[in-house]
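Hi everyone, thanks for making the time. I'd like to walk you through one model today, so please have a look at the screen.

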Amino acid sequence: MTPSDAFRHVASRPHEPLRTFHPRRAPLSAGREDALARLWPRFGFSVHDPRSPVPLRDGALDTRALFGRSAPVVLEIGSGMGETTAAMAAADPARDYLAVEAHLPGVAHLLGLIDRAGLTNVRIAHGDALDLVRSVLPEESLDAVHAFFPDPWPKARHHKRRLVQPSHVALLRSRLRIGGTLHCATDWVDYADAMLEVLTADPFLENTTDGFAPHPAHRPVTKFEQRGLDLGHEVRDLVFRRVR
Ligand SMILES: C[S@@+](CC[C@H](N)C(=O)[O-])C[C@H]1O[C@@H](n2cnc3c(N)ncnc32)[C@H](O)[C@@H]1O
């Protein structure tokens, strides 16, 4: 079972609710079709398609069944092509990485990376991460949330689509354990300033540093980040901890 038309239905109706990703259609290369056919049943599931369902236990995501063990879970929202997810998971074998990506070619690419590197601590969900979080992730169930280079939605009238906004931050933070971290990065200066304001205003979060964080050595440069750097953009990291 591979991800199917169910998501096309979601993506083609970006206003119900407002989605934080761009509805994009991209054909799958033969290699990615092959990765999906071989690896999706082992490492993937769909947020929106009941034919490839979210593994549940008592109505919540069953991470023990998903990863085959009990370990702290890192949620990555918008893993893109997955290189950063794969590299961070390889360097961090004691934690499990759940990547969620709306763009199917990125899902397929990460499946190939998982396979080639022999990673056992990465799973990928296809679809809207916020829907997954809202519907099946219990409070205080995550060790960390990563949001690296979320779509910047630069036009003012599109700011309501940004991932980092008060209601989404409250949702994501509620799923962190006390002491867990929310790590965001962006190469859009005005989005970085907005992120800092939103995260600082959340009463349950505390900045781990004064203002923006130095680029942590454990976060490899992502594909979108490199694109931004090539354009002369400045990159900002923000690392906040849930304190209550
Ligand atoms: C600008 S790209 C960055 C990708 C990657 N993190 C990187 O730095 O190379 C943002 C990605 O987030 C995905 N995305 C945005 N909102 C999402 C959501 N709510 N659920 C899942 N994926 C989402 C988009 O499809 C896109 O691939």
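A quick word on labels: helices (H or I, at least four residues) and strands (E, at least two) are DSSP runs, numbered from the N terminus.

Before I go on, this is a predicted model, where local features need pLDDT of at least 70, side-chain atom pairs count only at pLDDT 80 or more, and totals for chains, interfaces and linings use all residues. Residues are numbered from 1 along each chain as its sequence is written.

Back to our pair. Helix H6, residues 129-136, packs with H7 at an angle of about 50 degrees, and their axes are 10 Å apart. Axes here are lines fitted to C-alpha atoms, for helices over the stretch in contact, and angles run from 0 to 180 degrees between N-to-C directions. That angle makes H6 oblique to H7; under 35 degrees counts as roughly parallel, over 145 as roughly antiparallel, 65 to 115 as roughly perpendicular, and the rest as oblique.

Who meets whom? From H6 we have Leu130, Val133 and Arg134, and from H7 His168, Leu171, Leu172 and Arg175. Contact means C-beta atoms, placed from the backbone, within 7 Å.

Now a second pair. The axes of helix H4 (residues 83-90) and helix H5 (residues 104-117) come within 9 Å and cross at roughly 30 degrees. That makes H4 roughly parallel to H5, and the crossing is right-handed. H4 brings Glu83, Thr85, Ala86 and Ala90 to the contact, and H5 brings Leu110, Leu113, Ile114 and Ala117.

One of those residues leads us on. Leaving aside neighbours within four places in sequence, Lys223 is in contact with Gly80, Met81 and Glu83. Lys223 itself is found in helix H9, residues 223-230.

So is Lys223 buried, exposed or partly exposed? It has 16 C-beta neighbours inside 10 Å, so Lys223 counts as partly exposed. The scale is buried at 20 or more other C-beta atoms within 10 Å, exposed at 12 or fewer, and partly exposed in between, with C-beta atoms placed from the backbone.

Finally, annotation. An unreviewed UniProt entry places a "binding site" at Lys155, Asp187, Thr222, Lys223, Phe224 and Glu225. They span 71 residues in sequence and the farthest two C-alpha atoms are 23.3 Å apart, so they do not all gather at one spot. UniProt positions are given in the numbering used here, feature names are shortened, and annotations may be inferred rather than shown by experiment.

Notes: Contact = placed C-beta atoms within 7 Å. Left-handed = near helix turned anticlockwise from the far one by under 90°.
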